[in-house]
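Colleague: I have a few questions before I set up my calculations. Please show me the model first.

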Amino acid sequence: MCPDEIQQALAAFTSVPQELRLHSAPARPIIVREENDRPQPRLDRDAGKGMSVTVGRLTPDKVLDYRFVALGHNTIRGAAGAAILNAELLVARGYL
C-alpha cells in the first residue's frame, strides 16, 4: 500500500456505532491530518467532540512499513466516552 491508500482507508473507516448512528458516536471515528505538525493535543484532542482519533505524520518505516502519530482524548474517547458508547451499543442491540 502507498501512503495515500493508507490515509484513504483510515479516513473512510466506520463501524457499528456509525451505522447505528449512536448519539455518542462520531461521524468520523478517525480523522486524518496531512500537515507535518499534526496532530497536536491543543488543536486536535477535541475532534469529534473528543470521540474521534486524529492520525497524522504518516511516514515510511524500514521495520513496520509505515508509522504514524495517533492522538485521542484520554478521558472522553478513553474511559468515560467508551463506557457511554458501549452502553449505547448494548441498548441498541437489545442487551440492556
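Colleague: What does the secondary structure of the protein chain come to?

Modeller: This is a predicted model. Along the sequence the elements follow the pattern α-α-β-α-β-β-α. The protein chain therefore has, by DSSP runs, four helices and three strands.

Colleague: Where in the protein chain is confidence lowest?

Modeller: The mean pLDDT of the chain is 96, and 100% of its residues reach 70 or more. Strand S1 has the highest confidence, at 98. The lowest, at a mean of 94, falls in helix H4 (residues 74-92).

Colleague: Which strands stand at the edges of the sheet?

Modeller: The sheet is open, its pairing is mixed, and its order is S1-S2-S3. An edge strand has a single partner strand, so one side is left without a neighbour in the sheet. That applies to S1 (30-32) and S3 (65-71).

Colleague: How many bridges join S2 and S3?

Modeller: S2 covers residues 53-61 and pairs with S3 in the antiparallel sense. Pro60 stands opposite Tyr66 in S3. The count for S2 and S3 is six bridges.

Colleague: At about what angle does helix H1 run to S1?

Modeller: Helix H1 spans residues 3-12. It lies across S1, S2 and S3. Its angle to S1 is about 145 degrees.

Colleague: What share of the residues of the protein chain count as buried?

Modeller: The cut-off is under 20% relative accessible area. The accessible surface of the chain comes to about 6,600 Å², with 55% belonging to carbon and sulfur atoms. Of the 96 residues, the buried share is 31%.

Note on methods: Residues are numbered from 1 along each chain as its sequence is written. This is a predicted model: local features need pLDDT of at least 70, side-chain atom pairs count only at pLDDT 80 or more; totals for chains, interfaces and linings use all residues. Side-chain values use heavy atoms; hydrogens and water are left out. Two strands pair if DSSP finds at least two bridges between them. Helices (H or I, at least four residues) and strands (E, at least two) are DSSP runs, numbered from the N terminus. Contact means heavy atoms within 4.5 Å. Axes are lines fitted to C-alpha atoms, for helices over the stretch in contact, and angles run from 0 to 180 degrees between N-to-C directions. pLDDT is the predictor's confidence in each residue, from 0 to 100. Buried means under 20% relative accessible area, exposed over 50%, partly exposed in between (1.4 Å probe, protein chains only). Accessible areas come from the Shrake-Rupley method with a 1.4 Å probe; for residues, only the protein chains shown count as cover.
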